[in-house]
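Colleague: Before we discuss this model, could you take me through some of the labels attached to it, setting each value against the rule behind it?

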Amino acid sequence: MGALDGIGNTPLVELERIHPSNCARIVAKLEWANPTGSMKDRMARSAIQAAVTSGRLEPGGTVVEYTAGTTGISLAFVCAALGYRLHVVFSDAFSDEKRRTMQAFGATVEDVPSGGLGITEQLIKGMITRAGEVAAAPGSWWCDQLNNADAVTGYLPMGEEIWEQTAGRVDAFVHAVGTAHSIHGVGRALRGHGPDVRIVAVEPAESAVLSGGPSGSNRIEGIGIGFVPPLWEPEQVDAIEQVSADDAIAMARRLAREEGLFAGTSSGANVVAALRVAEKLGPGATVATILCDSGLRYLSTIYRGV
């Protein structure tokens, strides 16, 4: 058993206090139970193992990636466990806890400045461009998460886990979209068992590009990249919910205080949207969602001063 064997099989819990009595029950995957405290461990292992198997990542090579930090931490963990180097293109728009964690795993971290404008399409595309430049060095492999279909495979087991843990009682799955890999992977697995499971995407209200809105600055780390992800499959989704950053942050804080569940901003957005879906479905139904990562990564941002 090595460190990578700790990925997956995370707990599923039912929310007990934050929703009205006349709505469907809401169950949430506690993805902070993965080794680095995030669901991204699943895709990092899948993407790197596929690159190794195909020969794209050679022994002693360097993995290169642009990241808001969560994927970078998971890649840093997998690289440390397997003996690869990692060069991360990051930004000051994201929490310092993420930067320090990547560095603790041995990653090299460089910044593309945000100019104080937050998470924007321009910032993300600038990070992507810089990562492509770094990856041109000999011995490098660019993970390129937005275009990496191997990442979707890493989330199939999460869908299987949710189905098993609910004994096949899932009426809807609600989840935020960054790369779109996790919603597609989990959704594909769930619909393999129950074709009628409703799949609902979540995006920031401030940058609702999946809904056809304009690109804007966004404060929900890890989702809402400001443009439609290249591997987004709209036909796989039944509806899209828009959640504001203020509502997502408020819900993350409520989860900590009222449910004892300490999570990040995207998790708060997931629960806000899951509540809306649960109210529509009513009693007797089950809505599943994901608490993507630990609130420990956001002590200097959304939990500062609380």
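Modeller: Gladly, bearing in mind that this is a predicted model. E133 has a relative accessible area of 47% and is therefore called partly exposed, since that label covers values between 20% and 50%.

Colleague: What makes the contact between E133 and R130 a salt bridge?

Modeller: The closest N and O atoms of E133 and R130 are 3.2 Å apart, and the criterion asks for a side-chain nitrogen of Lys or Arg within 4 Å of a carboxyl oxygen of Asp or Glu, so the pair qualifies. Both residues lie in helix α4, three residues apart, which is about one turn of the helix.

Colleague: Why is R99 called buried?

Modeller: The relative accessibility of R99 is 16%, and buried means under 20%, so the label applies. R99 forms a salt bridge with D96 at 3.2 Å, N to O, and D96, with a relative accessible area of 34%, is partly exposed. The two residues are three apart in helix α3, and therefore separated by about one helical turn.

Colleague: How do you know that the salt bridge between D238 and R191 ties together parts that are apart in sequence?

Modeller: The side chains of D238 and R191 meet at 2.5 Å, N to O. D238 lies in the loop between β8 and β9, whereas R191 belongs to helix α7, so the pair links parts that are 47 residues apart in sequence. D238, at 39% relative accessibility, counts as partly exposed, and R191 is partly exposed at 21%.

How values were computed. Residues numbered from 1 in each chain as written. Predicted model: local features only at pLDDT ≥ 70, side-chain atom pairs only at ≥ 80, totals over all residues. Heavy atoms only, no water. Helix = DSSP H or I, 4+ residues; strand = E, 2+ residues; numbered from the N terminus. Buried < 20%, exposed > 50% of the residue type's maximum accessible area, 1.4 Å probe, protein only.
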